[in-house]
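Good morning, and thank you for joining.

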Amino acid sequence: MRAALMERGRIRVEDVPDPTPAEGEVVVKSVACGICGSDLHAARHTEEFVATSIEAGGAFKLTTFDPVVLGHEFCAEVMESRGGFRAGDLVCSVPVLARPTAVAVGYSVEAPGGFGEYMLLSERLLMPVPAGTSKERAALTEPMAVGCHAVNMARLTGGEAVVVIGAGPVGLAVTANLKARGAGPVAVSELSARRRELAIEMGAHLVVDPRRESPYRLGDITRRDTLVVFECVGVPGMIDDIFLNVPHGARIVVVGVCLQMDRSRPLIAVNKELNVQYVLGYSVREFHDTLQRIADETLSVEPIVTHTVGLDGIAGAFDDLARPDAHGKVVVRPWN
């Protein structure tokens, strides 16, 4: 099969062997796969990504410098009838092979991701894509489930004002899920004018350029007793900046993944009695519910996709995504 291989930050398209399924696994055809911020991190900061994966374990398990086929935000097509599925059915799945030692799809040489023509998936984790749902929308299930989980972990009661820091794909997924819950007012702080536009399309009530004004000082935000902040950037210094600028008693949900060593001043958080919640990924139930809400259009996802590419366009898309005004979400169509 043809696949885009990532090795120490470089991406090249080659012919590689078709994947061989183990017991309980199926070969599927990757038909749409989003480029995730963690894919960009893996390419730009491979050394740190591998080192952190080895040291900490968890979901980010890129533990090799060998070439890997990235891509874990996918919709796939069943190749042959298995269980309750027929050839040609569209499916999604949590990107994990349910082996005795779980294998992360798209981060392992054992489990090529959606940036290749074929993939392995665990049969028992397959979820049918509801009829009428396009493959591109279904491929957004994984990133939107991340937003779903982050909002769930915030434990909103309905009376809070919300600030989302960053309107990259993660921040936009959080914003869309906040809109679906009726939370707000929701202000999104973002440097990129294009991404601020996308934030409005995804459901933000207010957007702000943090170089010009503080998202914590807006009238609709300050009128609420409780502030919840979603940190969706993942760069050093961001958490400390939030500590410094939020009001007393704010709740902070850290969704952005910072791979570098960071620093923050606990005394500021202590003096303000801040609550900090780190989050990662989603549950299988949250993934399933997100797919259903995308299908019935109670979760708005359409505006986030701004570009599609084939395998040969992935390297260029990675470069483009380094410029925040270029794209929202880029979806790869391996067979184009």
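First, the basis. This is a predicted model, in which local features need pLDDT of at least 70 and side-chain atom pairs count only at pLDDT 80 or more, while totals for chains, interfaces and linings use all residues. Residues are numbered from 1 along each chain as its sequence is written, and side-chain values use heavy atoms, with hydrogens and water left out.

Let me begin with the sheet. Helices and strands here are DSSP runs numbered from the N terminus, helices being H or I with at least four residues and strands E with at least two. Two strands count as paired if DSSP finds at least two bridges between them. On that basis there is an open sheet of 6 strands, in the order 12-11-10-13-14-15, with parallel pairing. Its edges are strand 12 (206-208) and strand 15 (275-278), each of which pairs on one side only. Neighbouring strands of the sheet are turned by 20° against each other on average, direction ignored. Axes are lines fitted to C-alpha atoms, for helices over the stretch in contact, and angles run from 0 to 180 degrees between N-to-C directions.

Within the sheet, strand 13 (residues 227-231) and strand 14 (residues 251-254) run parallel and are joined by 4 bridges.

Helix 5 (residues 169-181) touches strand 10 (161-165), strand 11 (186-189) and strand 13, and its direction makes about 160° with that of strand 10. Contact means heavy atoms within 4.5 Å.

Is helix 4 enclosed by the rest of the structure or open? Of its 14 residues, 12 are buried, so helix 4 is largely enclosed by the rest of the structure. Buried means under 20% relative accessible area, exposed over 50%, and partly exposed in between, with a 1.4 Å probe and protein chains only. Among the buried residues are P143, G147, C148 and H149. Just after the helix, R155 takes a positive phi of about 55°.

The buried residues of helix 10 are E286, F287, T290, L291, R293 and I294. They cover an arc of only 165° around the axis, which puts them on the same side of helix 10; the arc is that of the directions from the helix axis to the C-beta atoms. These buried residues pack against strand 5 (90-93), strand 9 (126-128), helix 3 (135-138), helix 4 and helix 5. Helix 10 is followed by E297, with a positive phi near 65°.

Now two single positions. G37 is in helix 1 (residues 37-44) and is partly exposed, at 32% relative accessibility. G37 and G168 are 131 residues apart in sequence, yet 8.3 Å apart in space, C-alpha to C-alpha. D209 is in the loop between strand 12 and helix 7 (219-222) and is buried, at 10% relative accessibility. Leaving aside neighbours within four places in sequence, D209 is in contact with E190, L191 and R196.

Finally, the salt bridges. The structure holds 20 of them, each being a side-chain nitrogen of Lys or Arg within 4 Å of a carboxyl oxygen of Asp or Glu.

What does R251 meet in a salt bridge? The partner is E160, at 3.4 Å, N to O. R251 lies in strand 14 and E160 in the loop between helix 4 and strand 10, so the pair ties together parts that are 91 residues apart in sequence. R251 is partly exposed at 21% relative accessibility, whereas E160 is buried at 4%. Elsewhere, salt bridges that share partners join E7, R12 and E14 into one network.

Thank you; I welcome your questions.
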